[in-house]
Amino acid sequence: MADKTVVDLLKGVDLFSELKEDQLDQLASLVISKDFARDETIILEKDESVQALFLIAEGDVKVYMTGSDGKETILTLLSRGDFFGEMSLIDGEPRSASVKAVTPTKLLIIRREHFLELLKTTPELATGLLIQMSRRLRNANRQIGSLATMSVYGRVAGTILSLVEDRGVRIHGNNGEMVTVIRNRPTQQQLAEMSGTTRETVSRVFSSLVKNGTISVMGKDLVIAEESRLHETDSKE
Ligand code: CMP
């Protein structure tokens, strides 16, 4: 299905931003697209049955792990232009985490052998993949560090800082000052699952951060006015 729509969708995937038009055409002929409903599972942790890489053309997914007590920890939220499922393709091990659609989602799916072949012949793709994987490792390190050492207050602040790094957009605020916006912000429940705490705690931390002017909530946006204060919160509580 090397049609123009698929090529356009592929152009929206960061990983492929360095590919040339003919490389995109070639890739487009190899992918299939599939729709997932909200809450539908796409990948199950430890599964080995689906050998493919997934690219998000539309929608949002959560990457999570389920503890022995059934509790979910969200490792990250991914949206349009992101990819997942590369780890098992590269090391041949079972899936490292589960992935579920949190909104109706359209995915482009590329089979393992096609992806590995493309990796060999396209150095730009390999570099893009390494950059993304390094970014994810940095975020994971921050998450591990904050879970081990910080108060819940600091962990929620750390999660907001990860979101800033991942997908924060700098814009002028209402009074002309520069602020950072997280569009389509995660729910408080999702933030709790990313911070290893409860929704009630996130709500309490949010109220306090809103009260002291660090953040504000505007519809679906989370606005961060005072990023430096989020770095200072680990000593509180
Ligand atoms: P894979 O192990 O094949 O299947 C689950 C996918 O979730 C994994 O590949 C990555 O794409 C993604 N994933 C796992 N852990 C993380 C993480 N810490 N941050 C971002 N994505 C992750």
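About 520 Å³ of space lies in the second largest pocket. This is a predicted model, in which local features need pLDDT of at least 70, side-chain atom pairs count only at pLDDT 80 or more, and totals for chains, interfaces and linings use all residues. Residues are numbered from 1 along each chain as its sequence is written, and side-chain values use heavy atoms, with hydrogens and water left out.

Q: What makes a space a pocket, and which residues are closest to the centre of the second largest pocket?
A: On a 1 Å grid over the protein atoms alone, a pocket is an open set of points with protein on both sides within 12 Å along at least five of seven lines, and lining residues have an atom within 4 Å of a point. By that rule 23 residues line the second largest pocket, and D60, V102, T103, R185 and Q190 are the closest to its centre.

Q: Why is the second largest pocket said to lie between domain 1 and domain 2?
A: Domain bounds come from an automatic or database domain assignment. Domain 1 (4-143) and domain 2 (151-235) both give residues to the lining, so the second largest pocket lies between them.

Q: How do the residues lining the second largest pocket divide into nonpolar, polar and charged?
A: Ala, Val, Leu, Ile, Met, Phe, Trp, Tyr, Cys and Pro count as nonpolar, Asp, Glu, Lys and Arg as charged, and the others, Gly among them, as polar. The lining accordingly holds 7 nonpolar, 6 polar and 10 charged residues.

Q: Where does the largest pocket lie?
A: The largest pocket, with about 1000 Å³ of space, takes lining residues from both domain 1 and domain 2, so it too lies between them.

Notes. On a 1 Å grid over the protein atoms alone, a cavity is a set of points where a 1.4 Å probe fits but cannot get out, and a pocket is an open set with protein on both sides within 12 Å along at least five of seven lines; lining residues have an atom within 4 Å of a point. Grid points are joined across faces, edges and corners, and a volume is the space filled by probe spheres set on the points.
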